[in-house]
Amino acid sequence: MQNKGAISFFAILLSLVCLFELSFTWKVSSIEGDAKAFAAGDLQKERAYIDSISSEVVYNVLFKKYTYKECKERELNLGLDLKGGMNVTLEVAVPDVVRTLANNSTDPTFQKAFKQAVDKQKKSGGDFLDLFSSAVLEIDPQAKLSSPAFFGNKDMKDLVNSKMTNPEVLEVIRTKVKASVGNAFTVIRNRIDKFGVAQPNIQQLEGSGRILVELPGVKDPDRVRKLLQGAAKLEFWETYDNKDAFQYLEAANKKLKELNDLQGGTPAPVDTAAVVNAAADTSIAAKAADTTKLTLAQKLAQKDTGKAASDTSKDAMRAKSLKENPLFAVLGPNVSQSEEGSFFRPGPVVGIAAAKDTAKVNSILAMPQIASLIPKNVRFFWGVKPFDDKGNAFEMVAIKVPNDGKPRLTGERVTNARLQFGQLNNKPEVSMSMDGEGAGIWKRMTGENVGKSIAIVLDNYVYSYPNVQGEIPGGNSSINGNFTIKEAEDLSNILNSGKMDAPARIVEEAVVGPSLGQEAINSGLISSMVGLLLVFLFMGFYYSGGGLVADVALLANVFFLMGVMASLGAVLTLPGIAGIVLTIGMSVDANVLIYERIREELAAGKGYKLAIADGYKNAYSAIIDSNVTTLLTGVILYIFGTGPIQGFATTLVIGIITSLFSAIFITRLVFEFLGARNKSVKFSVPMTANILKDSNFDFINQRKRFYAVSLIVIVVGLGSMIFKGFGFGVDFEGGRSYVVRFDKPVASDKAREVLYAAFKQAPDVKVYGSSNQLRITTDYMVEDESLAADSIVGNQVVAELTKITGKAPEIVSSQKVEPTVANDIKESAVLSVIFSLLVLFLYLLLRFRKWQYGVGAIAALAYVVIFILSIFSIFNGILPFSLDIDQAFIAAILTVVGYAINDTVVIFDRIREYLALNSSKKEELSVVINNALNSTLSRTVVTGLTTIGVLIILFLFGGEVIRGFSFAMLLGVIVGTYTSLFVASPVVVDLTRRVVKDSTPKEEKK
């Protein structure tokens, strides 16, 4: 074995890396187990325990210390379908952005074109700007988009001029739309950061203008919808100086101590609901007078709490100060110490609190007895980002509120904001421009606040509080500070977000309850363990000692797969577990190919070591070709898939790579280790030694019969597709889908009846798993864009179904997909299948140098796809589980395509080998191919049986969510094995029509 030392070193290194990465998951699980034991079922207590150690060092490894928060960020993430939560896709309403950029034009051409574009997009999808431009030219071929009737208004004067052509204006608008998506992403990201969700995932989906948000453990979907879809509220507020506003906090501290003393000297209890509400609403109305000197209480507070920026005192120290200064124990005054005494730090920051204490501070200041002490023209807002390096402390800023309670200037007056670099120091800064009205207000505000700060506030969080150096006329300002480029970009996005009156809308949504998530974990673990055990036993039985070596490689493969996923930050979903189970079944294929080759070499009389070396060498070509084709389909699935489907593709791709390494190198190292000690391994037992060894099936001469059978299946299937059609999932048709669980069995017809009476349209109602669980799909109110629509439909479903049993059922999961998104998903699905077939054809053409092989393989794959579609059409509504066509089905189709091409390529590789060996013989191609098919029959059967066995386990124990997926996979593997033997190879024969030995044209004619 060449490079044995390097391979051994890499295997050891990879093992150590995987062990290191997975150790974070173990550590987090251990800590969270301690939190559960400590809380004894009290969720608030459990959360408080976790919060208290968030920034504490909990893991010391490899001379580096990790806090709980850092460990949590590095653990193996579970998808929402495994731990419950909410998956949301948002889209900035491009029509709203266009209307805003056109300054709400009332021009008849604009209005008519706008309506036409909206209607066309709803019906058939497409890019709104292209549809709008086409509609404008259709209505008025001479129309100019640069005119005042369209985008040549005062707000766009810096970007659009009268000399620009329509395509040039359209490109400007497209850039602004893209920027609005970026602005929305920034706003949503910051809102989620403040929502208090562990491990949220927020992505901007490139090329689609959409934003994906995944929120684990969310229990209030309505609150999330309001949070994500609310318009950005950008405001500019004047501020109080620290020394002027601190007196109100001192009064609050004194009052809180009095309240505590009245209760026996213990701190006043904090209402849990108030804490939660205060954390969500950080605007704390307050009440005000005047003082400049530090009192004894303030000095004591400063002494007790320590330096404000590092107010993360130990519990004992906090308890000591809590009695005398209950507010300042959690909110450190913003003062500095010197030999001359204590002094207020200048600026609007009045206090600093640890992240875990901000909600408690909010609840204290919201208490009626405390709020009454603070004037109405004072409010306190938290800074949006922690200001210390560890991310533990937040600043509280004192806001000056006008008599009408409204900010003097809002974000709608900002026309443009962008990152630029200072002329003197070349440091990042933000340039901001305002419209005429905004410029006038800004001039007065800055003139009245020279030397003071003006706070830039979004959604009641302070993003910046620049100091005013002088009156700013003209509306053009430069905001500088110690910004990084990223911080300056974020601030410019925040400023731009105030102009766009186009909040992001939820266009796709999935909610999974925690109970369903736990059930998914249980079913996933059961199916994985049973599948792994099945493969273990089969390999040990069929290949004896060699099978046990393959089992070692299989364990190594699962370990490497999980370790690599953890290191890459990949998310493990339920389809991902299905991918692992499938990888377990398919990963033995490389070992089977190698072992079958070794058995052939041993049967030919070669010695043990030489047989192993030649077995590996002769199997490499088939192993590489078959796995590359499966890898290509996995990559295509990742590119075109979204959410859980991407999770499946990620697992599949990583699994293919790790299984190749384990099957080829780990097993070889074991054999080398045993060989060095003169120990040999058997590759069969007496019962399996001669199975299919001398098979002589005539596959090719029987091909016409199989063609006829295949044609009959295709005709019947196409007939069903045409006349019966398919059941489509909600992600292909649009609408809302609910999985509803009752306390006793409920007939689907009865549920359909009561919902039809309420909705005036018949929903699709099917039994989902058990008889007390139904899946309800409806397009009722699906085009209603109001924020309340989702809640209205969900509540109405529960209310109507309650009439059946008298007890409200539980919605354990829900999904919503708007029609335009459904069109996009269908288009991506079709493209992914077509693209995968094209890529595989080109790869086979490149590898085998003959187009006949490519056509034969594609014909086999097309038959596999048609067969599965036929079964899903014929038996839809007959079998007791879902046969809907959805994204999971497309994932199954592409995976089956990868498996089927894997099988076919192995056979083609052997055909190529046999043709080379028989090139000097005058032997019919059909005979050579028959011999090749028979020589690989043992491998085909063994791999097929292990994969089919694993898929049966997945089908039986994998859970209802992936039952349709596993059924499609099961069908695909069975029919894929059939087509590799009875379709692909015969097609190659019929297309080639020649003998192996090159003949002259005259001989061919005879």
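Guide: A salt bridge is a side-chain nitrogen of Lys or Arg within 4 Å of a carboxyl oxygen of Asp or Glu. This is a predicted model: local features need pLDDT of at least 70, side-chain atom pairs count only at pLDDT 80 or more, and totals for chains, interfaces and linings use all residues. Residues are numbered from 1 along each chain as its sequence is written, and side-chain values use heavy atoms, with hydrogens and water left out.

Visitor: By this rule, to how many salt bridges does the count come?

Guide: One of them joins Arg413 to Glu412, where the closest N and O atoms are 3.8 Å apart. By the rule, the count comes to 43 salt bridges.

Visitor: How many helices and strands are there in the protein chain?

Guide: Both are DSSP runs, numbered from the N terminus: helices are H or I with at least four residues, strands are E with at least two. The chain has 32 helices and 26 strands.

Visitor: What percentage of the residues in the protein chain is buried?

Guide: Buried means under 20% relative accessible area, exposed means over 50%, and partly exposed lies in between (1.4 Å probe, protein chains only). Cys71, at 0%, counts as buried, and so does Cys18, at 2%. Of the 1006 residues in the chain, the buried share is 54%.

Visitor: To how many disulfides does the count come?

Guide: A disulfide is a pair of cysteine sulfur atoms within 2.5 Å. By that rule, the number of disulfides is zero.

Visitor: In which helix do Arg599 and Glu596 lie?

Guide: Their side chains meet in a salt bridge, 3.7 Å from N to O. Both residues are buried. They sit three residues apart, about one turn of the helix, within residues 574-603 of H19.

Visitor: Is Glu672 buried or partly exposed?

Guide: Glu672 and Arg668 meet in a salt bridge, 3.5 Å from N to O. Both lie in helix H21 (residues 644-676), four residues apart, about one turn. Arg668 counts as buried, at 9% relative accessibility. Glu672, at 23%, counts as partly exposed.

Visitor: In what order do eight strands form an open sheet?

Guide: Two strands pair if DSSP finds at least two bridges between them. In this sheet the pairing is antiparallel, and the order is S5-S6-S4-S21-S26-S23-S25-S24.

Visitor: Which strands stand at the edges?

Guide: An edge strand here has a single partner strand, so one of its sides is left without a neighbour in the sheet. The edge strands are S5 (201-205) and S24 (764-768).

Visitor: Over how many bridges do S4 and S21 pair?

Guide: Strand S4 spans residues 85-92 and strand S21 spans residues 504-512. Thr89 stands opposite Glu508 in S21. The two strands pair in the antiparallel sense, and the bridges number eight.

Visitor: How many of the residues of strand S14 are buried?

Guide: S12 (residues 349-354) runs antiparallel to S14, joined by five bridges, and Val349 has Val397 as its bridge partner. S13 (residues 378-383) also pairs antiparallel with S14 over five bridges, and Trp382 stands opposite Met396. S7 (residues 234-239) pairs with S14 over two bridges, where Glu238 has Lys400 as its partner. S14 (residues 393-400) is mostly covered, and of its eight residues the buried ones number seven.

Visitor: Which helix gives the largest share of the nonpolar patch?

Guide: Patches are made of residues with over 30% relative accessible area and no salt bridge; like charges are joined within 9 Å, nonpolar side chains (Val, Leu, Ile, Met, Phe, Trp, Tyr) within 5 Å. Phe835, Leu838, Leu842, Leu845, Trp851, Val855 and Leu991 make a nonpolar patch of about 580 Å². Helix H26 (819-848) and helix H27 (851-874) are the elements that give it two or more residues. The largest share, four residues, comes from H26.

Visitor: What is the relative accessible area of Leu845?

Guide: Leu845 is found in helix H26. This residue is partly exposed, with a value of 32%.

Technical notes:
Accessible areas come from the Shrake-Rupley method with a 1.4 Å probe; for residues, only the protein chains shown count as cover.
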